Amino acid sequence: MSKIIITGANGQLGRAMQKEFSGSFEHELILTDVGPAVSGAIRNLDITKVDEVLSFCRAEKPDIIVNCAAYTAVDRAESDWDNAYRINAVGPRNLAIASRETGASLVHISTDYVFNGEKPLTETYDEFDTPDPKGAYGKTKLAGEEFVKTFADRFFIFRTAWLYGDGKNFVKTMLRLSEDHEEISVVCDQVGPPTSAKELASAIISQMFTDNYGLFHGVCEGFASWAEFTEEIFRLTGKTTRVKHITAAEYGAAAPRPSNSRLTDYMLKLTSDHRFPDWHDALSAYLKEFGLL
């Protein structure tokens, strides 16, 4: 039986990981989070404190650590750099140090925001493209990647994009807005791969028990703009709310966002048999799973 620590266990990916392991007697999950998320089977672990992380991991002796914890408030990160850096960079560093000491392998989740997104929208980003983050969120996530590479002996880094799952997310926000709006404005000049947390969890699990270590992109197949993503959500759920296409400049977010988030999972295709489904199919399955159809 393998022992697996999951940090950020109450987040979208953390919940998806738990669901993928449900019913399995081959693995012992040790679930952790911080603050209000800590309840029931979820234990408190502040990954930003190295002594706490080391003490916890020494006691538990995990085989694998899966870091689903992250500071994901992209706009707030611009004015809250210290907290974003602690969670997105120092936290992974601490887990990497603990993984080396205990002999565990480390799975770390990163993001499309490590790229500047300035490629033409017809092109994609693979694992061999050079990162160049523009905002605080992307910069702190890239720092976390570098710490993992420096301190962990065996690691998997999965960059993902446009993630949705069990919890607050874009899909649920659009459906909520559709209840009392005849029209909503959605950005049309940012393009990426809408990705189901369930499918990302499945990809992670397909690799985490292997020796296929390294950097991977983990995203569903195909691409859309946020406006096109919204239109598909409404089409599948039978909503009549109109989608007004606006530019990112018109939307006016505080933090810069990549215009092109078209990640492609090149390394998974080169080194494994795992394949992501098309984003349309994954979205339909998600809506059915959570009773949103």
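These legends walk through several close-up views of one predicted model. Residues are numbered from 1 along each chain as its sequence is written, and side-chain values use heavy atoms, with hydrogens and water left out. Because the model is predicted, local features need pLDDT of at least 70 and side-chain atom pairs count only at pLDDT 80 or more, while totals for chains, interfaces and linings use all residues.

**View 1. An open sheet of 7 parallel strands.** Follow the strands across in the order β3-β2-β1-β4-β5-β6-β11. Strands (E, at least two residues) and helices (H or I, at least four) are DSSP runs, numbered from the N terminus. Two strands pair if DSSP finds at least two bridges between them. At the edges stand β3 (43–44) and β11 (214–217); each has a single partner strand, so one side of each is left without a neighbour in the sheet.

View 2. Strand β1 (residues 2–7) runs parallel to β4 (residues 64–67), and 4 bridges join them. Here Ile 5 has Ile 65 of β4 as its bridge partner. Ile 65 in turn is partnered with Leu 106 in β5, where β4 and β5 pair in the parallel sense over 4 bridges. Moving on, β5 and β6 are linked by 6 bridges, again parallel. Look for Leu 106 opposite Phe 155 in β6, and for Thr 111 with its β6 bridge partner, Thr 160.

View 3. Which residues of β5 point the same way as Ser 105? Val 107, Ile 109 and Thr 111 do, whereas Leu 106, His 108 and Ser 110 point the other way. In β5, 7 of the 7 residues are buried, and the strand is mostly covered; buried means under 20% relative accessible area, exposed over 50%, and partly exposed in between (1.4 Å probe, protein chains only). In β6, Phe 155, Ile 157 and Arg 159 point one way, and Phe 156, Phe 158 and Thr 160 the other. Since 6 of the 6 residues of β6 are buried, this strand is largely enclosed by the rest of the structure. As a reminder, side chains in a regular strand alternate between the two faces of the sheet.

**View 4. Helices α5 and α7 against the sheet.** Helix α5 (residues 136–151) lies across β5 (105–111) and β6 (155–160), running at about 160 degrees to β5. Helix α7 (residues 197–208) packs on the sheet and touches β1, β4, β5 and β6, with its direction at about 160 degrees to that of β6. Contact means heavy atoms within 4.5 Å. Axes are lines fitted to C-alpha atoms, for helices over the stretch in contact, and angles run from 0 to 180 degrees between N-to-C directions.

View 5. Lys 61 sits in the loop between α2 (50–60) and β4. Its phi is positive, about 50 degrees, although Lys 61 is not a glycine. Trp 162, in the loop between β6 and β7 (163–164), also has a positive phi, near 55 degrees. Is each side of this pair buried or exposed? Lys 61 is exposed, with a relative accessible area of 60%, while Trp 162 counts as buried at 9%.
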